[in-house]
Amino acid sequence: MKAIACGLVIFLSVSVALIYGESRQWGRRVSGDRQLDYAVVVNNSLPVPEKSSIYRYLSAPGAFRPPNITAIYARDNIPAGKGGYAAIVSGGINQANVTLKFTSQPYQRFNFTVEIYGK
């Protein structure tokens, strides 16, 4: 029993280490959605403890009725979970704008592909 518990703990800790810093998704695409924005956010600067970057999507200025965001995908392009984290700072789903913050793991770089859908 003790061996099974130890094996399970090791398996779960390895799984968490591999998932650490994965892609994020908020909302979901539905029929009739169109791609509002596509961007690649990269930070390969000097090795510092933590790198971060802010990405903003704003609807077109002067739009009579700006589209509502239905889905946001932030895909981590660095393999083995060595990329970073994505978080919504403001705006988001069912709103006309969103601000995302990308943060690297300590002394690592990050590379995210951002896709925003809405109608």
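Trp 26 stands opposite Ile 72 in strand 4, in a predicted model. Strands here are DSSP runs of E of at least two residues, and helices are runs of H or I of at least four, numbered from the N terminus. Strand 1 (residues 24-27) and strand 4 run antiparallel and are joined by four bridges; two strands pair if DSSP finds at least two bridges between them. On strand 7 (residues 110-118), Ile 116 stands opposite Ile 72. Strand 4 and strand 7 also run antiparallel, with seven bridges joining them.

Strand 4 covers residues 69-76 and is mostly covered, with seven of its eight residues buried. Buried means under 20% relative accessible area, exposed means over 50%, and partly exposed lies in between (1.4 Å probe, protein chains only).

## Basis of the model

Residues are numbered from 1 along each chain as its sequence is written, and side-chain values use heavy atoms, with hydrogens and water left out. Because the model is predicted, local features need pLDDT of at least 70 and side-chain atom pairs count only at pLDDT 80 or more, whereas totals for chains, interfaces and linings use all residues.

## The chain as a whole

Of the 119 residues in the protein chain, 34% are buried.

Among the contacts in the protein chain with a separation of 6 or more, 76% involve residues 24 or more positions apart. A contact means heavy atoms within 4.5 Å. The protein chain exposes about 7600 Å², of which carbon and sulfur atoms supply 58%. Accessible areas come from the Shrake-Rupley method with a 1.4 Å probe, and for residues only the protein chains shown count as cover.

## Aromatic pairs

The whole structure holds four aromatic pairs. One of them joins Phe 102 and Phe 112, a tilted pair with 4.8 Å centre to centre and 35 degrees between the planes. Phe 102 lies in strand 6 (residues 98-104) and Phe 112 in strand 7, so this pair ties together parts that are ten residues apart in sequence. Phe 102 has a relative accessible area of 0% and is buried; Phe 112, also with a value of 0%, is buried. The rings of Phe 110 and Phe 112 form a tilted pair as well, with centres 6.1 Å apart and planes at 55 degrees.

Rings of Phe, Tyr and Trp (its six-membered ring) pair if their centres lie within 6.5 Å; planes under 30 degrees apart count as stacked, over 60 as edge-to-face and the rest as tilted. Ring pairs link Phe 102, Phe 110 and Phe 112 into a cluster. Phe 110 is buried, as is Phe 112.

## Charges over rings

Two arginines are placed over tyrosine rings. Arg 29 lies over the face of Tyr 117, at 4.0 Å from the ring centre. The charged end of Arg 75 sits over the ring of Tyr 73, 5.0 Å from its centre. A charge sits over a ring if NZ of Lys or CZ of Arg is within 6 Å of the ring centre and within 35 degrees of the ring normal.

Tyr 38 belongs to strand 2 (residues 34-43) and counts as partly exposed, at 49% relative accessibility. Its C-alpha atom is separated by 7.4 Å from that of Thr 113, which is 75 residues apart along the chain. Leaving aside neighbours within four places in sequence, Tyr 38 is in contact with Thr 113, Val 114 and Glu 115.

Ser 104 is in strand 6 and is buried, with a relative accessible area of 2%. A polar atom of the Ser 104 side chain lies 3.5 Å from the backbone oxygen of Gln 108. Beyond neighbours within four places in sequence, Ser 104 has contacts that include Glu 50, Lys 51, Tyr 85 and Phe 110.

## Positive phi in two loops

Asn 94 is found in the loop between strand 5 (84-91) and strand 6. Its phi is near 65 degrees, a positive value in a residue other than glycine. Asn 94 is exposed, with a relative accessible area of 57%.

Tyr 107 lies in the loop between strand 6 and strand 7. Although Tyr 107 is not a glycine, it has a positive phi of about 60 degrees. Tyr 107 counts as exposed, at 52% relative accessibility.

Definitions and conventions
Polar contact = N/O pair within 3.5 Å; in protein donor to acceptor, adjacent residues only side chain to side chain.
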